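The questions below go through one model, starting with its ligands and domains. Each answer ends on the item asked for.

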Amino acid sequence: MTKVTIIGATGRVGQYAALSISRIPYIREIQLYGRDGSQSLLDGITRDLIDSFAATGTASVVRWSCDLADMKGSDVVIITAGVARKPNQDRLDLAHENAKIVADLSKQVQMFAPESMIMMVTNPVDIMTSVALRYSGKKPHQVFGLGTHLDSMRLKSLIASFFQVHVSEVHTRIIGEHGESMVPLWSATTIGGIQISNLPSFGNLPIDDIMGKVRSSGQQIIASKGATVWGPGDAIATIIKTLLGNENRILTLSAYVKSEVHNIGDVCIGVPARINKDGVFPVSIRLDPLEVHAFQRSVERIRGLTNQILKNLEQSDSE
Ligand SMILES: NC(=O)C1=CN([C@@H]2O[C@H](COP(=O)(O)OP(=O)(O)OC[C@H]3O[C@@H](n4cnc5c(N)ncnc54)[C@H](O)[C@@H]3O)[C@@H](O)[C@H]2O)C=CC1
Ligand SMILES: O=C([O-])CC(=O)C(=O)O
């Protein structure tokens, strides 16, 4: 029996993630959690999902609850709860408010679902992953965030469009912060198995323009339609499928990195990680010197902000 709980299920990302996850064949139960007062909305979302299951022949069972105890027995608890940014806000502007929400929820996940893993979506996702790790008391491989997986998919799509190839021909990744200091790994980018810099047209690739589009993608979508929904929802489902299907794929997630990347780390941040039924395990990699430098800057920025947020939380815990 494979059970996934979504905390934040009445939100835009939580709702679509539930639909996308329900398409994974071996997911048997999806538990939707919403705060007290959202009973009617949860009931409506559940009925709508059941209609969708009937139309597609999906075998999953979906239940809703306003009682966190009902996450008991979950394999993974996905947290999408918290505030989302408005146009012209940075994801980091949400850190203070969301940290309190995530710290409280993470303690409860450990209380009611001690065996489960936690997947963090709430922004700023790297910092929230560290908050969840600290407050749940779980092991590092059991707590991870969506990280730069979605950014990597956005870059993949733009490269595929430039070279006019199917997205499956492009392998690339972005590491570091899910935000301004993200680092594209051109050294790890291939098209049809060929290192991108060995393609004659690589010189024409508008790298700055492409990375500008990746960095501002969330902002642009929020400005025009209010929220990013289908991109993150399907990215969440890919990761859940990889994890619970024991696929051993290497995806770029926010995970606690100790020293796997050039001895840089001691924080949760986007890195390539092996994902299987036991959890998420950062892989040891070697990068180009410029990429190492950029990753180091990104890590230092996120580590500094994370430590500040954790200190603030400790202070409010002791008040
Ligand atoms: N990491 C990533 O790539 C992405 C992260 N996000 C983040 O996911 C989060 C959710 O985004 P949306 O679904 O668009 O927001 P939304 O406003 O539509 O939904 C927020 C959800 O959180 C719940 N919530 C708020 N405060 C809560 C609390 N104190 N306790 C329990 N639940 C609470 C709400 O009831 C609602 O279900 C935001 O922080 C957003 O920035 C969104 C897209 C991608
Ligand atoms: O931009 C946002 O606030 C939501 C998000 O993280 C994304 O879609 O990359």
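Q: Why does ligand 1 lie between two parts of the chain, and which parts are they?
A: This is a predicted model, in which local features need pLDDT of at least 70, side-chain atom pairs count only at pLDDT 80 or more, and totals for chains, interfaces and linings use all residues. Residues are numbered from 1 along each chain as its sequence is written, while chains are lettered from A and ligands numbered from 1 in the order in which they are written. Domain bounds come from an automatic or database domain assignment. Ligand 1 lies between two domains because its shell takes residues from both of them, domain 1 (2-145) and domain 2 (149-305).

Q: What average pLDDT does the chain have?
A: pLDDT is the predictor's confidence in each residue, from 0 to 100. The model scores ipTM 0.99 and pTM 0.98. A pLDDT of at least 70 is reached by 100% of the residues, and the chain average is 97.

Q: Which residues come nearest to ligand 1?
A: A residue is near a molecule or strand if its C-beta atom, placed from the backbone, lies within 6 Å of it. The shell around ligand 1 has 12 nonpolar, 12 polar and three charged residues; here Ala, Val, Leu, Ile, Met, Phe, Trp, Tyr, Cys and Pro count as nonpolar, Asp, Glu, Lys and Arg as charged, and the others, Gly among them, as polar. Of the 27 residues around ligand 1, those that come nearest are Gly11, Val13, Ala81, Asn123 and Pro232.

Q: Which helix gives the most residues to the shell around ligand 1?
A: Helices (H or I, at least four residues) and strands (E, at least two) are DSSP runs, numbered from the N terminus. Helix H1 (12-22) and helix H3 (95-112) each supply at least two residues of this shell. The element that gives the most, with three residues, is H1.

Q: Why is H1 largely enclosed by the rest of the structure, and how many of its residues are buried?
A: A residue is buried if 20 or more other C-beta atoms lie within 10 Å of its own, exposed if 12 or fewer, and partly exposed in between, with C-beta atoms placed from the backbone. The buried residues of H1 include Val13, Tyr16 and Leu19. Their cover includes strand S1 (3-7), strand S2 (29-33), helix H2 (39-56), strand S3 (61-65), S4 and H7. H1 is largely enclosed because, of its 11 residues, the number buried is nine.

Q: Which residues surround ligand 2?
A: By class, the shell around ligand 2 has three nonpolar, four polar and two charged residues. Domain 1 and domain 2 each give at least three residues to this shell. The residues around ligand 2 are Arg85, Arg91, Asn123, Leu150, Gly218, Ile222, Thr228, Gly231 and Pro232.

Q: How many residues does each domain put into the contact between domain 1 and domain 2?
A: The C-alpha centres of domain 1 and domain 2 lie 23 Å apart. Two residues are in contact if their C-beta atoms, placed from the backbone, lie within 7 Å. The contact takes 35 residues from domain 1 and, from domain 2, 33 residues.

Q: Which two residues does a cis peptide bond join?
A: Most peptide bonds are trans. Pro124 sits in the loop between S5 and H4. With omega at about -5°, the cis bond joins Asn123 and Pro124.

Q: Is Asn263 buried or exposed?
A: Asn263 lies in the loop between S12 and S13. Its phi is near 60°, a positive value in a residue other than glycine. Asn263 has 9 other C-beta atoms within 10 Å, so it is exposed.

Q: Where does UniProt place the feature "domain: Lactate/malate dehydrogenase C-terminal"?
A: UniProt positions are given in the numbering used here, feature names are shortened, and annotations may be inferred rather than shown by experiment. The chain over residues 148-303 is 41% helix and 21% strand, with end C-alpha atoms 16 Å apart. In the unreviewed UniProt entry, the feature is placed at residues 148-303.
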